[in-house]
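Open the model in your viewer and keep the sequence panel beside it. This tour goes from one selection to the next and says what is found at each stop.

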Amino acid sequence: MPTYELSVILRQMSRPDMVSTLKRTATAIFDKGGIIRKLDNLGTKPLPFKTSAHGLVHRAGSYFVFKFDTPPAAIDDLEEEYGRDVDIIRKRIYRADVSQQEAITCTLHEEMLPPAYRKDVQKMIETAERSKTKKVFQYNTGLDYYPFQK
């Protein structure tokens, strides 16, 4: 199953109503045979311009991003269902690029080392040591003194 990304803007509402709308949205994905991989809350923000949806004018909305896997045949059904939902102002489904998915590597063995042996701590120590050496002014004028006020 390919991975998709659903960007949703919900109308401004109370938290319990928002939770029920998100559950409705997720249930629609599950009913079509999908699997939700990730849900990101991007917060409530003012919309870039006032938007009319379902007969109401909206000036602020709550932004959410779902990452999910589903059969390609279910995408049209999901778009139709979300288009009828009165709590959703805007929705857009994108196909996620597989090459952009980052491989997860376990770094527990590195994190369990004492701080002096960790690579990131050693890198910070090197940076600190480099910044300790103060640059000395070089007189490239040929004069043995600094010609300007100190």
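The stops below start with the whole chain and end with single residues.

**Before you select**

This is a predicted model, in which local features need pLDDT of at least 70 and side-chain atom pairs count only at pLDDT 80 or more, while totals for chains, interfaces and linings use all residues. Residues are numbered from 1 along each chain as its sequence is written, and side-chain values use heavy atoms, with hydrogens and water left out.

**Stop 1: the whole chain**

Colour the protein chain by secondary structure: there are four helices and four strands. Helices (H or I, at least four residues) and strands (E, at least two) are DSSP runs, numbered from the N terminus. Followed from the N terminus, the order is β-α-β-β-α-β-α-α.

Now show the surface. The accessible surface of the protein chain is about 11600 Å², and 54% of that belongs to carbon and sulfur atoms. Such areas come from the Shrake-Rupley method with a 1.4 Å probe; for residues, only the protein chains shown count as cover. The chain has 150 residues, of which 27% count as buried. Buried means under 20% relative accessible area, exposed means over 50%, and partly exposed lies in between (1.4 Å probe, protein chains only).

A contact means heavy atoms within 4.5 Å.

**Stop 2: the largest nonpolar core**

Select Leu-6, Leu-10, Phe-66, Phe-68, Leu-78, Tyr-82 and Ile-93, the residues with the most contacts inside the largest nonpolar core, which has 18 residues. A nonpolar core is a set of buried Ala, Val, Leu, Ile, Met, Phe, Trp, Tyr and Cys residues joined through side-chain atoms within 4.5 Å. Two or more residues of this core come from each of strand 1 (3-11), helix 1 (15-31), strand 3 (56-69), helix 2 (74-84) and strand 4 (88-95). Helix 1 gives the most, with five residues. A second, separate core has five residues, including Ile-9, Leu-47, Ala-53 and Tyr-63. In soluble globular proteins, nonpolar side chains tend to be buried together.

**Stop 3**

Select Tyr-4 in strand 1. Is Tyr-4 buried or exposed? Its relative accessibility is 8%, so Tyr-4 counts as buried.

Next, select Thr-21 in helix 1. Thr-21 has a relative accessible area of 0%, and is therefore buried. Apart from neighbours within four places in sequence, Thr-21 is in contact with Leu-10, Met-13, Asp-85 and Asp-87. Leu-10 in turn touches Met-18, Leu-22 and Phe-64, among others.

**Stop 4: helix 1 against helix 2**

Two packed helices are described by the angle between their axes and the distance between the axes. Helix 1 and helix 2 pack at about 160 degrees, with their axes 10 Å apart. Helix 1 is therefore roughly antiparallel to helix 2. Axes are lines fitted to C-alpha atoms, for helices over the stretch in contact, and angles run from 0 to 180 degrees between N-to-C directions. Angles under 35 degrees count as roughly parallel, over 145 as roughly antiparallel, 65 to 115 as roughly perpendicular and the rest as oblique.

To see the meeting place, select Thr-25, Ala-28 and Ile-29 in helix 1, which meet Leu-78, Glu-81 and Tyr-82 in helix 2.

**Stop 5: a loop residue**

Move to His-54, in the loop between strand 2 (35-53) and strand 3. His-54 has a positive phi of about 55 degrees, although it is not a glycine. Its relative accessible area is 41%, so His-54 is partly exposed.

**Stop 6: Glu-110 and Arg-118**

Glu-110 is in helix 3 (residues 108-111) and is partly exposed, with a relative accessible area of 33%. Beyond residues up to four places away in sequence, Glu-110 touches Arg-118 and Lys-119. Arg-118 is in the loop between helix 3 and helix 4 (119-132). At 26% relative accessibility, Arg-118 counts as partly exposed. Besides Glu-110, the contacts of Arg-118 include Glu-111 and Leu-113.
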